[in-house]
Amino acid sequence: MSGLASTAHPDRAVIMATIDDALHFSDEERARIIASYPEHEREARTMGIPALGSGKVFPIAEESIKADPFQVPAYMPQIVGIDFGWDHPFGAARLAWDRDNDIVYVTAVYRQREATPIIHAGAIKGWGDWLPVAWPHDGLQHDKGSGKTLASQYAAQDLDMLPTHAQWEDGGNGFEAGISAMLTRMQTGKWKVFSTCGEWFEEFRLFHREKGLVVKERDDVLSASRIGLMALRHAIVKPKKGDWSAPSTGWVV
């Protein structure tokens, strides 16, 4: 069953389930049940999406951005976005960019809490050690024990970290600008997420605002996606074997 559990309190948990998790229903029964609900209640009743705060950050139908997985063509540049975390999970998202149609695909995600850089880096390198990695501004913070920046600790694990933190072409790195860019792409059919990215959709369903402000909780792979989008111009195609001239970020630990 798909689900998301909250660890905020050891005696409480939140488990989300959709009507698709009710395997005892046939496709016909499932369609009949969905049709029986008023349209404004269908998302909450069938997808387990609560009405939170003053509204969803991304008021988009889930099915409109969900895509069946496919083998990413060699001509599509790719990049990984990461969001550092310890108490709250570390998140990573792999993006592929169809430049001809300007469509960004989230093809894979990773989320893990209370793990070290070597663990996170190992998971990301499983996607391809050639992938450039975009990281947020807090990667410049220094670790109290080693004195090294967070970003350099990941570079030391042979991740191809971009030489500077993710930012827009104008040099800014605004949070709301990233949210707006993602929403615009969703609304125009230029943001798609592989249906296999369960953690991404879990966060998407709960991502909301309170009194107009985004509640930054359980948004780890969403944040990683936003950071990857911010640095999309640095995405590269997979180097061919023996291609010694493949692009390099030039990171120095």
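Is P132 buried or exposed? P132 is buried, with a relative accessible area of 2%, where buried stands for under 20% relative accessible area, exposed for over 50% and partly exposed for values in between, computed with a 1.4 Å probe on protein chains only. The views below come from a predicted model, in which local features need pLDDT of at least 70, side-chain atom pairs count only at pLDDT 80 or more, and totals for chains, interfaces and linings use all residues. Residues are numbered from 1 along each chain as its sequence is written, and side-chain values use heavy atoms, with hydrogens and water left out.

View 1. P132 belongs to strand β6, which covers residues 132–134; helices (H or I, at least four residues) and strands (E, at least two) are DSSP runs numbered from the N terminus. Although P132 and L162 are 30 residues apart along the chain, their C-alpha atoms are separated by 6.3 Å.

**View 2. The open sheet of seven strands.** The strands follow the order β2-β8-β5-β4-β3-β6-β7, with mixed pairing, and two strands are taken to pair if DSSP finds at least two bridges between them. At the edges stand β2 (66–67) and β7 (160–161), each with a single partner strand, so one side of each is left without a neighbour in the sheet. Helix α7 (residues 198–206) packs on this sheet and touches β2, β5 (103–112) and β8 (191–194), its direction making about 95 degrees with that of β5; contact means heavy atoms within 4.5 Å, and the axes are lines fitted to C-alpha atoms, for helices over the stretch in contact, with angles that run from 0 to 180 degrees between N-to-C directions.

**View 3. Strands β3, β4 and β5.** Strand β3 (residues 78–83) and strand β4 (residues 90–98) run antiparallel and are joined by six bridges, with Q78 standing opposite A96 in β4. Nine bridges join β4 to β5, again in antiparallel fashion, and the bridge partner of F90 in β5 is Q112. The hairpin of β4 and β5 has four residues between the strands, and D102 in this hairpin takes a positive phi near 55 degrees.

**View 4. The surroundings of I82.** I82 lies in strand β3 and is buried, with a relative accessible area of 0%. Leaving aside neighbours within four places in sequence, I82 is in contact with residues including F90, I124, V133, W135, M161 and I227. R226 is 144 residues from I82 in sequence, while the two C-alpha atoms are 9.1 Å apart in space.

**View 5. Strand β5, W191 and the largest nonpolar core.** The core has 64 residues, and those with the most contacts inside it are F58, I82, V106, M161, M186, W191 and W200; a nonpolar core is a set of buried Ala, Val, Leu, Ile, Met, Phe, Trp, Tyr and Cys residues joined through side-chain atoms within 4.5 Å. Strand β5 gives the most to this core, with seven residues, and eight of the 10 residues of β5 are buried. Three bridges join β5 to β8, which run parallel, and V104 stands opposite W191 in β8. Beyond neighbours within four places in sequence, the contacts of W191 include I65, V104, V106, M186 and W200.

**View 6. The open sheet of three strands.** Here the order is β1-β9-β10, with antiparallel pairing, and the edge strands β1 (55–56) and β10 (213–214) each pair on one side only. Two bridges join β1 to strand β9 (residues 208–210), and G55 stands opposite R209 in β9.
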